[in-house]
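Please walk through this structure with me, taking the packing of helices, a chain-to-chain contact and a sheet in turn.

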Amino acid sequence: MSAAAQPPLGVSGATRRRGLPWRRRHPIAHMAIVRLALGVVTLFAVSVLIFLATQALPGNAAYAVLGHSATPQRLHALEAQLHLNESLVAQYGHWIGGVLRGDFGTSLANGESVSALIGPRIVNSAVLVFLAGIIGSLLATAMGLIAAARRDGWFDHVSSVGALTVTAMPEFVVGIAVVIIFAINVFHLFPAVSVIPPGTSPLSNVSLLVLPVLTLSVVIAPYIFRMMRAAMIEALESDYVEMAELKGLSRRRILLVHALPNALPPVIQVIGLNLLYLAGGIVVVEYIFNYPGLGAALVAAVSDRDIPTIQFLVLMLAAFYVAVNIVTDMLALWASPRRRAAR
Amino acid sequence: MTIDRARAEDHARTLAGDGSASPLLAVDSLRVVLAGSATDVVDEVSFTLDAGEVLGLVGESGSGKTTVALALMGYARRGLAIDGGTVTLDGVNVLGLDQAALRRLRGSTVAYVAQDPTSALNPALKVRTQLREVLAAHRPDLSDEQVDARIAELLAEVRLDGVAAALDSFPHQLSGGQQQRVMLAIAFACRPRLIVLDEPTTGLDVTTQRHVLDSIRGLCRIYHVAAVYVSHDLAVIADIADRIGVMYAGRLVELGPTERAFRAPGHPYTRGLLRAIPDPARAHVLEGLEGQPPRPGSRPEGCSFAARCEFAIAECRIGSPPIAALADGGHWARCRRAAEVAQLPPLGELPLRERAAGAADQALLTVENLSAQYGERQVLAGVSFSVAPRRCLAIVGESGAGKTTLARCIVGLHAQWQGSMTFDGAALRGDRRGRDRATIRALQYVFQNPYTSLNPRKTVGQLVEQPLRQLFKLPASERQARVVGALRDAALSEAYLPRYPDQLSGGERQRVAIARSLVVEPKLLVCDEVTSALDVSVQAAIVELLHRLKLERELTIVLITHNLALVRSLADDVVILRDGEVIEQGPEVLDHPRAPYTHQLLSDVPSLSLA
Amino acid sequence: MSSRREWLVILGRAARSPRGAVGLVLSGLVVALAIVGPFVAPYSPTQTVTATFATPSGAFPLGSDVLGRDVLSRTLAGGWELLAVAAAATILGVSLGVILGISAAYLGRYTDGLIMRIVDIFLAFPQLVFALLLVSVVGPKIWLIIVAVGISHAPQVARVLRSVALEVCERDFVKAVELMDTPAPKVMFGEVLPNLLSVVMVELGLRFTYSILIIAGMSFLGFGIQPPAANWGLMIQENRIGLVVNPWAVIAPTALIAILTIGLNTFTDAVARASLGVDRPADEVAATAGIALETSA
């Protein structure tokens, strides 16, 4: 297998169409399909879990919801509405059947359709997550690159310590700090709450977005920074970068063409994970800023024990998780030719 | 070789014209230290090199040979710093150049070929990119078409032109040999004056190694390029180098023409190395070197080798030994007794190996028609052989031949096989979990890598005792006695009992692993490439240990290896394996090979014949 | 790492490093304050003693809060329960995660597949949301918080342990011990686990930090430790409206949580470096990956 007479290797998808199975030729598409299928299965499993958590726990759910205002008639009515008299499996069947039809039930808090209530908030939260995700990732990646390129310099030390500090702080601490600094006590640059009038797009009044986005960006930036820095350093210390130095290539080329592409895959993974983290992070941040999004809705729903709303929101979040996971993995696979074009 | 002869000859003529009155490369008192300290890693290294000449730099791990090689390009790895001396290339002192000048030098005037092409080639960039960039960086005058033409030429020179789409591939899509040839192409791209090669054939199969060595030699000759070839493999050096320099503990201890240095070495260390390596043509007893080279920072007064040297006298330990010129010019050694040492024939009184008695006894292990798979991939097909008791059977093959799979099947670590195996009269089950204790005890296995086969969290005593606790019911005192006995058989004293593996050297660790197998008193020991991860001088000691155990403990050994010279030295019977099939077998295979593959293997092996 | 008490050696090394020393001091101060605090508080943490949101004065160094209670006393008393609950949740979560992770790595195939599928399902929930979900039905009971937060840690710990254990399980010394006919649990916990100690220590540190964050966060949202008990998370929430009047009611608990978590994180980072021995970047990726690849919400 090593004599020069051996048939040539060197596979490039385009030149070896015959003989190679479809999945080898389009590894990314193949992976997306498999993961989508798995994702759907996962979501079903998640829905079961949500259902069990909310309706199978000790204590009569209806009583828990109504609390002290539980008169026998209202109890009966609620139980009928929630199908609590039927078996667990039947209850699940009712619920999942509705979900698949797009009917997520009625909110127990104010009697309206859950999907109508929550719909616009999805957009608000999405804007927040993606703005914070993009700004935070870009800034952190750039900072990580510089810190690794000028390792042990002042920039590196300052940003590393900064990252370590911020990583530890809970997002509500960051949020409060941001409010204290920029809104109330130190400067008075931005409003302390971001109440967006219903029906308007969040982008129409940018100053309302600044503080929440800033908070979320600050929360995720350190993780991305540290991973970028570490991955770049590993690349810069690798044998192939040493080889590039010994070939006499310029420092810039080594940094951007040799090291960076190899550092990206783990960074993409971390960015993905942090986007997921944001899905939970918005809960607290929206609450602090009174921002009308999914997170604030969840908090309110939990306070009110509004079970259908809770179920809907958590399911939405889980779907978001699965989707981001798939996209992240696809991106990571695209960024690492080694795993893509295995021989 | 499909090199454009006319153009090459022109090129050679222009270079040869300078008469070589002064050498191309002159290294003087090169010194490299640990960054930020005065502790030297390499010191007093001086040598010269002419255009077209190949200097082999020989040494074991830690000798500093790679450090010297990199310093020739003005490069020091992280944690090291070049502290003194000059490296004059074509009249210019490389060590005095600034960063910009060094960048221009590297890749164009001086090129480097790394040891491991898998890690030296960027996995994220295509081969074409990695070839182009060196031309783009140093020959901006070339147009794109000229660059492409040059690349096509290079591929032909290194015999990669037959590989379809090599340029469009990523490195991991090529084989090890192909990757190394890409490295050679990159190195020769700008027609350097000096090439530094760092063990470029390590890890390659014998046949591929042969091809790569031939390529290197050819390219150097034709383009009149000087080369420094770093290696620990004396046989390969003998094959390719015109002169050799031997490094020990950061110093050059001997320098001279290859033939002469090997026939009449002046330094005891060189002599020791020669006596430690097996010869594929002649089975002699090996003599290892006890001890280890001193680390940087703990180098003693006087000669660094004195502690391990059989020729050492009192003066050797005081003051460093002077350079002694040896009878024939151009050959010197750093030793007070160099002249005497050079007079002794290097393999002197090393006796020939005694062959074990005939194989008439009932076979201890019989393998019949064994076929094995990994998932869907067929690894072994129809393998049959038998192992006679108290003899050593060597299973020889290139990487991928299936040797390790075979070893794992025998010992029960791999269960996906068909066929039959009989051990000590009883059938062997595929999975070790189905085997009874007596079989497990009698059939033991020593792993290749002593750095991973011992649990770093346990002491030597615990490690060697573990199989006793698992497989026997013995009182503690009895266990202790056996542990001490096993260690002694492996030439380790009781002082080793409380030590942890990371306090031991590679050779010591391997001995602990062997002791661990011996402690249960096995009948058959399967040794899987047990010397591959060790330094040359240490290998010999392990080989001799195994030989002694075979005789004293009446142990039967199955030796898995790719090293033909080792087989010659240790084995009584040989099985040649290729792509999962037995090519030929028997006690006379190396002396009287019949299959063409065996012939090929034997002729491709670089050898250092001193007999 | 060659000493018997490997974990002690690592801790010692971490404590002596600059980062480790700083982290230890910071977190140690806060922990000490939280434990001793209730005994030295000048006033009762639940009693109204003066006007609401009074600014700092001699009698009340940090002023008063939304119900006129002494901020200093509430701050001193508001930490221990948080720490205790977080500690319990951490131990539960990490133990569960370690067992699952090593089992998945060693037993492979079906066990691995099963465990990882279950883990994936749980990973589809942000930790905070999972805890909220359970709390929404049963109510904010302490045991539920411990269980919810603990269980939410387990999948991530399992993932990390599994990937590290996989590498260890491939090593020859594990195979060597298998060849001695050693039963599986003994191999897993006698051979593999001791080589994972440093990872477990780092996970304990990380998860403890996250536990504190989540539980404080839940209290902040009103679903954790209930009023009128003094609790730092709760204090931050209930005193927000008075930020312009007496910011100290918010700043004091915020600062303490921040200092504690920063200190813990810094010390855990020092432990991660200490267990690597040398500051090699390749391992720094692994260590940072261990730290950065966790999500906590």
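In which sense, left-handed or right-handed, does α4(C) cross α7(C)? In this predicted model, the crossing in which α4(C) passes α7(C) is right-handed. Helix α4 covers residues 80–107 of chain C and helix α7 covers residues 142–169 of chain C, and the two pack at an angle of about 35° with their axes 5 Å apart. The residues that make up this contact of α4(C) with α7(C) comprise 25 nonpolar, six polar and one charged.

From this pair within one chain we can turn to the contact between chains.

Four strands of chain B form an open sheet in the order β2-β1-β4-β5, and their pairing is antiparallel. At the edges of this sheet lie β2 (40–49) and β5 (92–93) of chain B, each of which pairs on one side only. Strand β4 (residues 80–89) of chain B runs antiparallel to β5(B), and two bridges join these strands. To locate β5(B) against a specific residue, look for B:T88, which stands opposite B:N93 in β5(B).

Notes: Residues numbered from 1 in each chain as written. Chains lettered and ligands numbered in written order. Predicted model: local features only at pLDDT ≥ 70, side-chain atom pairs only at ≥ 80, totals over all residues. Axes fitted to C-alpha atoms, helices over the stretch in contact; angles between N-to-C directions. Left-handed = near helix turned anticlockwise from the far one by under 90°. Nonpolar A, V, L, I, M, F, W, Y, C, P; charged D, E, K, R; others polar. Pairing = 2+ DSSP bridges.
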